[in-house]
Amino acid sequence: MVNQKIAAKFKTISTSLKCPLCQESLDLVQYKSLLCPNRHTYDISKHGYVNMLNHSAKNRYSKTLYKAREKIIMESELFDPLHDKISAVIHDYFAHSSTPSLMLDAGCGEGSHLKKILEKSGIGTMTGVGVDISKAGIEQAAKNYKNELWLVGDLAKPPLADQSFNMILNLFSPSNYREFKRILTSKGIIIKAVPRSGHLKEMRNSFYGSNENNLYKNDEVVSLFRKHFTLTDTIHVTDVRKMDESKLPYLVRMSPLSWDSNQAAIHSFIGRNSGHVTLDADILIGINK
Ligand SMILES: [Zn+2]
């Protein structure tokens, strides 16, 4: 049984979506499915999300990873400085607008960043929509967070209409700038977070040793961003937090860094670490050119 409240929300945003197969518009029918004129149908699942992926996607992002991610984002304060800065930018842009607006989190995973940022921004007229290719991530998001809308979708070909989102959020996740430009309204903003060299360095040093090859370099990311959008601001966020020892295993599990590391390295990180963890990121803010 589809939750009527969630179905009603999908109805209000249905003009911002499009059929991933034929690119036609979608309409909500019988409060349970999105349907295009060519009769391609996308049902609202019992958990409240819509799967708009028309091919199966295999990836290594598992339920375990998403549970760990939720734990760290929601229950540790590691990402709070990032959320605060981003929310402040959103607040400045949208606080004086009384018209409804839509925020897309492109590559939202299990949705906790979007949830926190929307909450902190305090823009009552803004609705959040999270899209990710991982069904495990979206299912968890839909179970946990009922105020936002969740779609399984491919960001290479997002099932989203032209100029339909006032804001795009893209945190530590690959970008598809051509599509982002298409989706964003002419006055919309894009906020992208990219890691800097110190990001999670305690964990990377533990896994790989501290050498220069491990350092993230953002120059190319920034110049690619500027090719597509006018960069209006870059905010550098850096912070070191003492993390409760019980949370460290979740930090390891949420990171793809641990995929190629053996159990011994993971245990050694947890055992040896003083509990200090560094958040180090750049927030790029752009507008459509
Ligand atoms: Zn269609």
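**Group meeting: a zinc site and a helix pair**

Let's start with one cysteine. Cys 36 is buried, with a relative accessible area of 3%. Keep in mind that this is a predicted model.

What does Cys 36 do here? It is one of the residues that coordinate the zinc ion.

Next, the geometry. The angles among the four donor atoms run from 101 to 117 degrees. The site is tetrahedral. Along the chain, the donors follow the spacing C-x2-C-x13-C-x3-H. Cys 22 and Cys 36 link distant parts of the chain, 14 residues apart. Cys 22 is in the loop between α1 (4-13) and β1 (27-29). Cys 36 is in the loop between β2 (33-35) and β3 (41-43).

Is Cys 22 buried or partly exposed? Its relative accessibility is 22%, so Cys 22 counts as partly exposed. The cut-off for buried is under 20%.

Last, the helices. Two packed helices are described by the angle and the distance between their axes. Take α2 (residues 63-75) and α4 (residues 112-121). Their axes come within 9 Å. They cross at roughly 20 degrees. Angles under 35 degrees count as roughly parallel, and α2 and α4 are therefore roughly parallel to each other. The crossing of α2 past α4 is right-handed.

Conventions
Residues are numbered from 1 along each chain as its sequence is written. This is a predicted model: local features need pLDDT of at least 70, side-chain atom pairs count only at pLDDT 80 or more; totals for chains, interfaces and linings use all residues. Side-chain values use heavy atoms; hydrogens and water are left out. Donors are N, O and S atoms within 2.8 Å of the metal (3.2 Å for Na, K and Ca); water is not among the atoms, so sites may look incomplete. Four donors count as tetrahedral if all angles lie between 85 and 135 degrees; four count as square planar and six as octahedral if opposite donors are over 155 degrees apart and all others between 65 and 115; anything else is irregular. Helices (H or I, at least four residues) and strands (E, at least two) are DSSP runs, numbered from the N terminus. Buried means under 20% relative accessible area, exposed over 50%, partly exposed in between (1.4 Å probe, protein chains only). Axes are lines fitted to C-alpha atoms, for helices over the stretch in contact, and angles run from 0 to 180 degrees between N-to-C directions. Angles under 35 degrees count as roughly parallel, over 145 as roughly antiparallel, 65 to 115 as roughly perpendicular and the rest as oblique. A crossing is left-handed if the near helix is turned anticlockwise from the far one by less than a right angle, and right-handed if clockwise.
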